[in-house]
Amino acid sequence: MIKVKKRKILLLPGDGIGPEVIAEVKKIINWFNDKKSLDFEIDQELVGGCSYDKHGTPITDEVFYKALESEVIMLGAVGGPTWDNLEFSKKPERALLKLRKELKLFANLRPAICFKQLVDASTLKPEVVSGLDIMIVRELTGGIYFGEPRGIKPIENGERKGINTHTYTTSEITRVARIAFDLARKRSNKVTSCEKSNVMEAGQLWKEEVQELHEKEYKDVELSHMLADNCAMQLLRNPKQFDVIVTDNLFGDMLSDQASMLTGSLGLLPSASLGAKNKDGEMRAMYEPIHGSAPDIAGKGIANPIACILSFAMALRYSLDLDKEADILEKAVQDVLNDGLRTKDIMSEGMKETSTSAMGDAIISKLQ
Ligand code: IPM
Ligand code: MG
């Protein structure tokens, strides 16, 4: 049997339901190793609040350097109320933001697909969401998340001032817009670029740069510009008008949470954070479900592992060049949903409610 080269996957389960959903992905990786001789090499480390509890920092240098060397990082989730009152630099989220920034993972792909089996799980009318297939491309290393100056400083009269700065440069905008246009060409060839060009200079620049790139290189793709608040409204009114949405870091954070509920549950949305390719054509990448640590349901065995499992399918496709394996994994998820298996978040009448690990096992049995 031909063995492909060993490929390193770093698992960072994190906090809350992170470890529960990553455990299911681990089973799937092991299945691929055993049954398909794929030779993935798994390593696992602490990140987020659990790392703070053990080491006093949300990410140690050792883990950070490991991440730098890994071709694929699978992250569960970070954060929770336990660590809410920590000083800013120690908060669990800093680990995630550091990984995104330092690994230069500038393009965050968040697909929102409404599976036909789950049209009734959405709070929106079935005719509004059925057949929905949107790709949100969120800029991930710029904007107000990282802009300087930032901080909280005392001002006159005993008051304090909180400061964050929203900035974008031409190249930060064009490199993420290029990803959106390229993706659109493989889909329905339509890009909607969202900003607040009516109130923010950085938004105006965003719009102009996207427009210019379009005229120079992507005339064949249909481009429209939309104000981000209007986009939030249109996502509820008529979400199927969208194909690819490209937007900045903060708007992308909010619009993707909103889009997830069109699909029925936050527990279904995977994501891929992609960086630039190095000269050997290798690209750093991190994959994570968008749902976060969900501390309210952590430890109960009821979290939906599908977003995390579909994130691994994205890793197979975008980092590991294993399209066929990604297809069979996505198909296995569909098959399990067809059988009526549901975790609590997507449970509806007549379906079979199942636990996190039983859902993972069922998906594996469909892979066989
Ligand atoms: C996300 C999350 C993160 C973000 C948090 C956990 C820092 O909400 O990935 O959408 O705001 O980007
Ligand atoms: Mg978010």
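This is a predicted model: local features need pLDDT of at least 70, side-chain atom pairs count only at pLDDT 80 or more; totals for chains, interfaces and linings use all residues.
Trainee: What does the side chain of Asp15 reach, and at what distance?

Mentor: The backbone nitrogen of Gly49, at 2.7 Å. The cut-off for a polar contact is 3.5 Å. The pair therefore falls within the limit.

Trainee: Where is Asp15 found?

Mentor: In the loop between strand 1 and helix 1 (18-36). Beyond four places in sequence, its contacts include Val47, Gly48, Trp83 and Ser293.

Trainee: What makes strand 1 and strand 2 partners?

Mentor: Pairing takes at least two bridges. Five join strand 1 (residues 7-14) to strand 2, so they pair. The two run parallel. Lys8 stands opposite Glu41 in strand 2.

Trainee: Which order do the strands of the sheet follow?

Mentor: The order is 2-1-3-12-11-4-5-10-8-9, an open sheet of 10 strands with mixed pairing.

Trainee: Why do strand 2 (40-44) and strand 9 (222-227) stand at the edges?

Mentor: Each has a single partner strand, so one side of each lacks a neighbour in the sheet. From one strand to the next, the twist averages 20 degrees.

Trainee: Which strands does helix 3 (residues 61-69) lie across?

Mentor: Strand 1, strand 2, strand 3 (72-77) and strand 12 (283-287). Helix 3 runs at about 140 degrees to strand 1.

Methods
Residues are numbered from 1 along each chain as its sequence is written. Chains are lettered from A and ligands numbered from 1 in the order in which they are written. Side-chain values use heavy atoms; hydrogens and water are left out. Helices (H or I, at least four residues) and strands (E, at least two) are DSSP runs, numbered from the N terminus. Axes are lines fitted to C-alpha atoms, for helices over the stretch in contact, and angles run from 0 to 180 degrees between N-to-C directions. Contact means heavy atoms within 4.5 Å. A polar contact is a pair of N or O atoms within 3.5 Å; within protein, one must be able to donate a hydrogen and the other to accept it, and residues adjacent in sequence count only if both atoms are side-chain atoms.
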